[in-house]
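Please read them with the structure on screen.

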Amino acid sequence: MKGTVIKSVGNLYTIKSEDKIYKCNYRGKNKLTNNFSNPIVSGDEVEFILNEDNNGIIENIIERKNYFIKRSLKDENVHIIGSNIDQTLILASIKNPYTKLGFIDKCIAASFYYNITPILVFNKIDILNNKEFKKLEEVISIYKNINISTFYISAEKGDNIDILEIKLKNKKTLLLGNSGVGKSTLINKISKTSNQRTNDLSAKTSRGKQTTTFSEIFDLKVSGSITDTPGFKDFNFFDIDKSDLSFLYPEFNLRNKCKFKNCLHKNEPDCAIKENIGKQINIKRYNNYLSILNEII
Ligand SMILES: Nc1nc2c(ncn2[C@@H]2O[C@H](COP(=O)(O)OP(=O)(O)O)[C@@H](O)[C@H]2O)c(=O)[nH]1
Ligand SMILES: [Mg+2]
Ligand SMILES: [Zn+2]
């Protein structure tokens, strides 16, 4: 039988096949992902055989169309957080918590790296005062200028959820965002079935010291699906070269005007990117580019 992995906890995988749910194990080695901490991830298309008790064994993982990998900052562990994705939804907020633009830029660059279109959505607009709302609009304009689909919602109050649903309809979306930005609240609002526990504090306490995190796929009311990624924090790029990074910045398309072909747009003379800071290149985006560049080994 064929199905889609919608959840994985340890070696227990929940698989959806023609609207039925099966619990499966996996015993084999996975040639696709030998180096990763998790061999099978939500989004994987698998072939499995059913036992008499209606549980199953996964026999084969069908080659992934794409996937999103993060490397932990702490222990260098490499973890796939989703596969076979059409787009990422980067959920951010200006307040409670403030999402660093560096984190947003990294999510955008990583999405492009894995050939996935990012959408950027700011949540919790209901708690912003006028000044904070102005700031939000400034931030949004940075991303609109580089043609990233960007808007704002209130997951709690339901503001602009209809606009978001149009973007999500019939697509497989991977939800990215720091803890506390409202991922679970949003999923509760837009998914068919979810009744997720919101507020990560209580979730953490009940799990004790275990930090196991897993991605889980939810069907949307509008059709399509969304993958929640609990515990998604700051991360490192896994497998990128320094010289590739600027290609993940759409506005850095001036790079062929740099004096040096292999310009990293850092200290080199006659760099078209540096010369265009404040014009086509936003200074904050540029500084975040430098930070990411320095993190790449
Ligand atoms: N005021 C306001 N609070 C929100 C909104 N969305 C989520 N929250 C609150 O933010 C906290 C964290 O939300 P949660 O969904 O658990 O975030 P997650 O960690 O990203 O899954 C909870 O107390 C939610 O009630 C919103 O749009 N407005
Ligand atoms: Mg959550
Ligand atoms: Zn340059």
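1. Start with the contacts. The model is predicted. Take the contacts between residues at least 6 apart in sequence: 65% of them join residues at least 24 apart.

2. Next, the overall make-up. The protein has seven helices and 14 strands. It runs to 297 residues, and buried residues make up 36% of them.

3. Which residues have the most contacts inside the largest nonpolar core? They are F68, I90, L91, V121 and L176. This core has 63 residues. Helix 1 gives the most to this core, with five residues.

4. Look at F68 on its own. Set aside its neighbours within four places in sequence. F68 is then in contact with I81, G82, I85, A110, Y114, I116 and L174. One of these, A110, falls within helix 1, which spans residues 101–113.

5. Now turn to ligand 1. The residues around ligand 1 number 18. Those that come nearest are E156, G182, K183, S184 and T185. Helix 4, residues 183–190, gives the most to this shell, with three residues. By type, the shell divides into ten polar, five charged and three nonpolar residues.

6. Helix 1 and helix 7 deserve a look together. Helix 7 covers residues 283–295. The two axes come within 9 Å and cross at roughly 70 degrees. Angles of 65 to 115 degrees count as roughly perpendicular, and helix 1 and helix 7 are therefore roughly perpendicular to each other.

7. Which residues meet there, between helix 1 and helix 7? Helix 1 brings L101, G102, D105, K106 and A109. Helix 7 brings K284, R285, N288, S291 and I292. The residues of this contact divide into four charged, three polar and three nonpolar.

8. Check the peptide bond between N96 and P97. This bond is cis, with omega about 0 degrees. P97 sits in the loop between strand 8 (87–92) and helix 1. As background, most peptide bonds are trans.

9. Most residues other than glycine have a negative phi. E18 has a positive phi, near 45 degrees, and is not a glycine. N147 is not a glycine either, and its phi is positive at about 65 degrees.

10. Where do E18 and N147 lie? E18 is in the loop between strand 2 (12–17) and strand 3 (20–26). N147 is in the loop between helix 2 (130–145) and strand 10 (149–152).

11. Are E18 and N147 buried or exposed? E18 has 7 other C-beta atoms within 10 Å, so E18 is exposed. N147 has 9 within that distance, so N147 is exposed too.

12. D162 is in helix 3, residues 161–168. D162 is exposed because it has 10 other C-beta atoms within 10 Å. Follow D162 across to V222. These residues are 60 apart in sequence. In space they are 9.8 Å apart, C-alpha to C-alpha.

13. Finish at Q280. Q280 is found in the loop between helix 6 (272–275) and helix 7. Q280 has 15 other C-beta atoms within 10 Å, so Q280 is partly exposed. Leaving aside its neighbours within four places in sequence, Q280 is in contact with E251 and L254.

14. How far apart are the C-alpha atoms of Q280 and N145? They are separated by 8.8 Å. Along the chain, Q280 and N145 are 135 residues apart. N145 belongs to helix 2, which spans 130–145.

Key: Residues are numbered from 1 along each chain as its sequence is written. Chains are lettered from A and ligands numbered from 1 in the order in which they are written. This is a predicted model: local features need pLDDT of at least 70, side-chain atom pairs count only at pLDDT 80 or more; totals for chains, interfaces and linings use all residues. A residue is near a molecule or strand if its C-beta atom, placed from the backbone, lies within 6 Å of it. Helices (H or I, at least four residues) and strands (E, at least two) are DSSP runs, numbered from the N terminus. Ala, Val, Leu, Ile, Met, Phe, Trp, Tyr, Cys and Pro count as nonpolar, Asp, Glu, Lys and Arg as charged, and the others, Gly among them, as polar. Axes are lines fitted to C-alpha atoms, for helices over the stretch in contact, and angles run from 0 to 180 degrees between N-to-C directions. Angles under 35 degrees count as roughly parallel, over 145 as roughly antiparallel, 65 to 115 as roughly perpendicular and the rest as oblique. Two residues are in contact if their C-beta atoms, placed from the backbone, lie within 7 Å. A nonpolar core is a set of buried Ala, Val, Leu, Ile, Met, Phe, Trp, Tyr and Cys residues joined through C-beta atoms within 7 Å. A residue is buried if 20 or more other C-beta atoms lie within 10 Å of its own, exposed if 12 or fewer, and partly exposed in between; C-beta atoms are placed from the backbone.
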